[in-house]
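Good morning, everyone. Please bring the model up on your screens. I'll take the ligand first, then the sheets.

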Amino acid sequence: MFSKIITMEQHILEQERVYPEATGTFTNLLYDIALAAKIISREIRRAGLGNILGEAGTVNVQGEEQMRLDVFANETFIRMNSYTGRVGVMATEELESIVSIVPDNPAMAGGKYVLIFDPVDGSSNIAANVSVGTIFSIYRRKSPLGAPGTVEDCLQPGRDMAAAGYVLYGSSTMLVYTAGNGVHGFTLEPSLGEFLLSHPAICMPALPRYSSANVSYERLWSPGAQRFHRYLQGMESEKPVVGLSARYVGSLVADFHRNLLNGGIFYYPSSYANPVNPRAKLRLLYEAAPLGYIAHHAGGYASDGTRSILDIVPTELHQRTALFIGDRGLVQKAEGYIHDLG
Ligand code: P6P
């Protein structure tokens, strides 16, 4: 039974053999993230029992009511990564500005990595016991290591990412990540407190099975997005290769994970309620870019409807984007409709 156990550490050390120049810093950073995930998972598992439920009485930079769990998870991520010397700057969906790490010891070079995260995506689902997730991405700093990290360190295109991952707090707690050499999934074994390799080398299936969208907003989408939606339902003259089932949890990590393993597409087009000022909902840095990087390394693709999400150079920490992510053929089909119809 124990002959097949591969821990995250063993797996990452195996991966490092592929990159001899890799240092242990990255491995330790992933471990710091995994520890934060375990702490958050413990609170989520008992959210109905502790006083972690409900609103914190504060509002985040997005203008959203912060759940107590958002605050707890955000503080956990910051605490677990502030004193290791591995991270020079952080950006979190929950705070307006960056968290710049100033080394206690001036002789210490500030951490060489940038950590960007959404501590609990979909937290409004917690009270209904619906799966939620943490999403993170890791970049290399561009600013000089001796000084604190900068906003520019955080505004890098997804294509320059060093790694991306998410934690899904579902029927089990899973951590899925890629450092550019395959996408790998680990499941938390509570009795050991370890993430064990359960899904090595995840590749999106060639045939998609699911489509995920909040169709109550369909009337607000652009003509191209509306026609793409009709296409998926087999209502256009051209039909999809296979009929898709609709699945929409309303928690991005859960919807993305299901489509990653089973094949499918998630899309959240911009709203043209105000045609002059279309509005997107999902965040580029905290949601679209990290999941787009994972999709890319699993054989999928992510677009804002006109270009790869990974090619977008962020100009603001909290900028939003339309998102079409998952099966490469379906995302490109959406781009085609939007190219032709707007
Ligand atoms: P809607 C959660 O707030 C989130 O950012 C994603 O996790 C999820 O996919 C989306 O918003 C749900 O949005 O408008 O369908 O409730």
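**Ligand and sheets**

Start at the ligand. There are 14 residues around it, and the nearest are Asp121, Asn214, Tyr248, Leu252 and Tyr268. Keep in mind that this is a predicted model.

What classes of residue make up that shell? Six are nonpolar, four are polar and four are charged. Two strands, β13 and β14, each give at least two residues to the shell. β14 covers residues 282-283.

Asparagine 214 has a polar side-chain atom 2.8 Å from an oxygen atom of the ligand. For glutamate 287, a polar side-chain atom is 3.0 Å from a ligand oxygen atom. Arginine 283 has a side-chain N or O atom 3.4 Å from an oxygen atom of the ligand. How much of the ligand does the protein cover? On its own, the ligand has 400 Å² of accessible area, and the protein covers 84% of that.

Next, a sheet that includes β13. It is an open sheet of five strands. Read the order with me: β12-β11-β13-β17-β15. The pairing is mixed. Which strands stand at the edges? They are β12, residues 245-246, and β15, residues 301-303. Each has a single partner strand, so one side of each has no neighbour in the sheet.

Look inside this sheet. β13, residues 264-268, pairs with β17, residues 323-326. The sense is antiparallel, and there are four bridges. Find phenylalanine 266: its bridge partner in β17 is isoleucine 325. Helix α5, residues 223-232, packs on this sheet. The helix touches β11, β13 and β17. Its direction makes about 150° with that of β13.

On to the other sheet.

Pick out β6, residues 132-140, and β7, residues 163-169. They pair in the antiparallel sense, over seven bridges. Valine 132 stands opposite tyrosine 169 in β7.

Which helices lie across this sheet?

Definitions and conventions:
Residues numbered from 1 in each chain as written. Predicted model: local features only at pLDDT ≥ 70, side-chain atom pairs only at ≥ 80, totals over all residues. Heavy atoms only, no water. Pairing = 2+ DSSP bridges. Contact = heavy atoms within 4.5 Å. Axes fitted to C-alpha atoms, helices over the stretch in contact; angles between N-to-C directions. Near = heavy atom within 4 Å. Polar contact = N/O pair within 3.5 Å; in protein donor to acceptor, adjacent residues only side chain to side chain. Areas by Shrake-Rupley, 256 points an atom, 1.4 Å probe, with all protein chains shown as cover. Nonpolar A, V, L, I, M, F, W, Y, C, P; charged D, E, K, R; others polar.
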